[in-house]
Amino acid sequence: LILLQNLIKSKKATLKLPPGNMGWPFIGETMGYLKPYSATSIGEFMEQHISRFGKIYKSNLFGESTIVSADAELNRFILQNEGRLFECSYPRSIGGILGKWSMLVLVGDMHRDMRTISLNFMSNARLRTHLLREVERHTLLVLGSWKENSTFSAQDEAKKFTFNLMAKHIMSMDPGKPETEQLKREYITFMKGVVSAPLNFPGTAYRKALQSRSTILRVIELKMKDRIEKMRDGREETEEDDLLGWVLKHSNFSTEQILDLILSLLFAGHETSSVSIALAIYFLQGCPNSVQQLRVISETLRLGNVVRFVHRKALKDVRYKGYDIPRGWKVLPVVSAVHLDPSIYDQPQHFNPWRWQNNGNRGYSSSSSSSNSSSSTTTNNNFMPFGGGPRLCAGSELAKLEMAVFIHHLVLNYHWELAEPDHALAFPFVDFPKGLPIRVHHLHDLI
Ligand code: HEM
């Protein structure tokens with residue numbers, strides 16, 4: 001035993017781990033890491049750790065030894081080496097809620113098959129022929145319901161828009177129908193559990209979310225049975241050209257797999273883009289000039305950082321920039337830290353859509369790039385709101401389309417202001433605590 005301990009010790013002695021603080025036993029530094037902070041900043045925890053330890057540091061987060069990376073190059077390296085040196089590794093509680101077949105949890109061949117189905121379904125061809133029209137229809141449905149001089153939560157309206165779009169696109173469920181409204185309510189409870197502490201006791205948000213998960217799965221399963229019967233009897237309607245029909249026809253997934261896929265896509269497809277739309281509404285009202293020149297999508301994604309970091313673990317011992325990342329450790333590439341890094345983006349905390357004006361020149365600080373020829377690739381690589389590598393967000397094009405169409409019709413038809421002060425906080429999921437209350441004025445009849 002002593003020999004073994006010495007062996008482990010000597011192995012440890014040769015490792016050069018990044019500096020850092022492992023915090024308390026088991027909980028480590030998780031509380032500090034998850035403390036809410038302004039969404040347009042990296043938060044006090046990251047600021048203090050980076051200034052003490054540098055952009056790569058070790059910690060103990062979510063119950064595991066972890067390397068945190070705010071380093072642009074290491075983040076890219078991790079995402080590009082998915083399946084070789086690193087692998088997607090979300091906390092167990094996420095699997096409990098989203099399901100063991102969720103794309104966020106799967107790795108290897110099964111992940112690839114699910115991803116292929118999702119990508120085909122959201123291909124550029126389908127975006128043009130199908131989704132553009134649908135996105136526009138759902139935008140106008142929401143905007144058309146806004147009364148002159150009325151005040152409401154912009155975040156709730158944006159959620160209504162993205163949820164309606166997803167429910168229609170995934171299961172042909174129509175907005176306003178009782179079953180769609182019930183599903184929307186269940187999703188609100190479900191969401192609270194995805195981001196809460198995984199305590200499975202009566203009354204906790206996590207327990208309620210697990211119950212919501214069962215209710216949502218029952219709704220999806222009923223839809224599925226109904227569809228299988230229709231397909232068998234040849235009663236399928238042409239407008240039911242949705243994801244449910246697509247997986248039933250083009251895959252041989254089991255019922256359980258289809259249920260988790262649909263539940264996850266409904267989740268991934270509406271929470272993220274709706275918060276991004278609310279962020280654009282918020283940034284734009286503080287920057288009237290930019291409403292004239294609408295190049296706000298990239299800037300909103302850079303500054304708002306809806307997804308701030310992704311979860312990985314090291315599959316092998318990795319040596320990077322002189323540090324060792326031991327096999328089995330968690331690795332968190334924090335993409336938001338790169339978007340808010342002053343050595344990469346000039347005045348990163350300023351909402352400045354003009355930094356995206358000359359394709360390639362993204363407000364990249366001249367001090368960090370000596371050669372101009374390399375700056376455009378470097379800058380592209382420093383923008384990762386949708387992750388990267390083999391797990392790049394499957395819905396990134398759809399999300400940008402939703403934001404562009406929604407914002408286009410919003411600025412054409414409305415003037416808006418904040419009805420009361422509110423700002424985006426990272427919990428670390430991004431949310432407006434008051435729901436972003438806005439007051440709207442029609443510029444003219446809806447175009
Ligand atoms: C502004 C909005 C959005 C943002 C910022 C965003 C961000 C991300 C990020 C960072 C990942 C990578 C997670 C990882 O590497 O572990 C991801 C994955 C994913 N996203 Fe999005 N997303 C958005 C909208 C959407 C939409 C509209 C959909 C449509 C259904 C979607 C579907 C997915 C799926 C299926 C994955 C898993 C991909 C895989 O593992 O291969 N997302 N998203």
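1. Helices, as named in this note, are DSSP runs of H or I with at least four residues, and strands are runs of E with at least two, numbered from the N terminus. Helix α12 supplies the largest share of the shell around the ligand, six residues. The structure is a predicted model, in which local features need pLDDT of at least 70 and side-chain atom pairs count only at pLDDT 80 or more, while totals for chains, interfaces and linings use all residues. Residues are numbered from 1 along each chain as its sequence is written.

2. The ligand has 23 residues around it, and G269, T272, G387, C393 and G395 come nearest; a residue is near a molecule or strand if its C-beta atom, placed from the backbone, lies within 6 Å of it. At least two residues of the shell come from each of α6, α12 and α17 (396-413). By class, the shell comprises 14 nonpolar, seven polar and two charged residues. Here Ala, Val, Leu, Ile, Met, Phe, Trp, Tyr, Cys and Pro count as nonpolar, Asp, Glu, Lys and Arg as charged, and the others, Gly among them, as polar.

3. Leaving aside neighbours within four places in sequence, A280 is in contact (C-beta atoms, placed from the backbone, within 7 Å) with V296, T300, M403 and I407.

4. In helix α11 (residues 243-250), the buried residues are L243, L244 and V247. They cover an arc of only 105° around the axis, which puts them on the same side of α11; the arc is that of the directions from the helix axis to the C-beta atoms. K249 and H250, on the other side of α11, are exposed. A residue is buried if 20 or more other C-beta atoms lie within 10 Å of its own, exposed if 12 or fewer, and partly exposed in between, with C-beta atoms placed from the backbone. The cover over the buried residues of α11 includes α6 (108-121), α8 (154-171), α10 (205-233) and α12 (255-285).

5. Helix α10 contains A209. This residue, A209, is buried because 25 other C-beta atoms lie within 10 Å. Not counting residues up to four places away in sequence, A209 touches I97, T189, F190, K192, G193 and V194. A209 and K192 are 17 residues apart in sequence, and their C-alpha atoms are 6.9 Å apart in space.

Definitions and conventions. Contact = placed C-beta atoms within 7 Å.
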